[in-house]
Structure formats: C-alpha cells, structure tokens
Amino acid sequence: MASHIKVCMGSSCFARGNAKNLQIIQDFINKHQLDATIELSGLRCCNNCSKGPNITIDDQEYNNIDSGTLLDILEKHFNIS
C-alpha cells in the first residue's frame with residue numbers, strides 16, 4: 001500500500017515554508033527511490049493557517065514544519081537511517 005503525503009499549498013503555508021518543504025519532499029523521494037511507494041499531492045488550503053506550514057503523511061497531520069523537522073519526520077516515517 002502506498003503512503004500519501006499531502007502538502008498544504010494555501011498562500012499562508014506556501015509563504016511560510018511549504019514552497020521549500022515541497023522541494024525537500026521531492027528530493028527525499030527521489031534520493032531514496034520511493035516514487036513507486038509514495039503519492040505526493042498538494043492541497044489548496046487545509047484551513048489550519050495559524051499552525052502552518054502544514055503537511056499530512058498517511059492521515060497524520062504535522063504543523064509548523066521547518067526543513068529540519070521535515071527531514072526527521074520523513075526519515076522516521078519511512079524508516080530511513
């Protein structure tokens with residue numbers, strides 16, 4: 001079963017870091033050859049702007065995500081050391 005990563009692309013989340021986070025996720029998927037097991041999509045707005053930038057991985061929502069935290073979450077979720 002594929003994992004699903006959803007990146008909020010609403011103007012607030014995009015401006016607060018999800019533009020960069022999207023690139024980090026794409027690079028992570030490519031680096032670890034996970035493109036067959038991860039579905040990546042963008043959301044218009046997840047209506048949680050005050051907690052943004054927001055990203056959801058397999059129905060687990062993460063808020064206030066910065067690039068360092070994002071890499072830690074991805075490595076832990078996908079068991080990459």
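The crossing of α1 and α2 is right-handed, a label given when the near helix is turned clockwise from the far one by less than a right angle, with anticlockwise being left-handed. Helices here are DSSP runs of H or I with at least four residues, strands are runs of E with at least two, and both are numbered from the N terminus. The two helices pack at an angle of about 35 degrees, their axes 10 Å apart; the axes are lines fitted to C-alpha atoms over the stretch in contact, and angles run from 0 to 180 degrees between N-to-C directions. From α1, the contact is made by K20, N21, I24, I25 and F28, and from α2 by S67, L70, L71, L74 and E75, where contact means heavy atoms within 4.5 Å.

Before going on, a word on what you are looking at. This is a predicted model, in which local features need pLDDT of at least 70 and side-chain atom pairs count only at pLDDT 80 or more, while totals for chains, interfaces and linings use all residues. Residues are numbered from 1 along each chain as its sequence is written, and side-chain values use heavy atoms, leaving out hydrogens and water.

Let's stay with α2 for a moment. Within this helix, L70, I73 and L74 are buried, meaning under 20% relative accessible area, whereas exposed is over 50% and partly exposed lies in between (1.4 Å probe, protein chains only). The three cover an arc of only 95 degrees around the axis, which puts them on the same side of α2; the arc is that of the directions from the helix axis to the C-beta atoms. An α-helix has 3.6 residues a turn, so residues three or four places apart point the same way. On the other side of α2 you will find D72 and K76, which are exposed. The buried residues of α2 pack against β1 (3-8), α1, β3 and β4 (60-62).

Both ends of this helix are worth a look. Just after α2, N79 takes a positive phi of about 55 degrees although N79 is not a glycine. N79 counts as exposed because its relative accessibility is 69%.

Next, the aromatic rings. The count comes to one aromatic pair, using Phe, Tyr and Trp rings (the six-membered one for Trp) with centres within 6.5 Å; planes under 30 degrees apart are stacked, over 60 edge-to-face, and the rest tilted. F28 and F78 have ring centres 6.3 Å apart and planes at 45 degrees, so the pair is tilted. This pair links distant parts of the chain, since F28 belongs to helix α1 (residues 11-31) and F78 to the segment after α2 (67-77), 50 residues apart. F28 is buried at 5% relative accessibility, and F78 is buried as well, at 14%.

Finally, turn to the strands and loops. In the loop between β2 (38-43) and β3 sits P53, and the peptide bond from G52 to P53 is cis, with omega near 5 degrees. Strand β3 (residues 55-57) holds T56, which counts as buried at 15% relative accessibility. Leaving aside neighbours within four places in sequence, T56 is in contact with H4, I5, K6 and E61. The loop between β3 and β4 contains D58, a non-glycine residue with a positive phi of about 50 degrees. D58 counts as partly exposed, at 32% relative accessibility.
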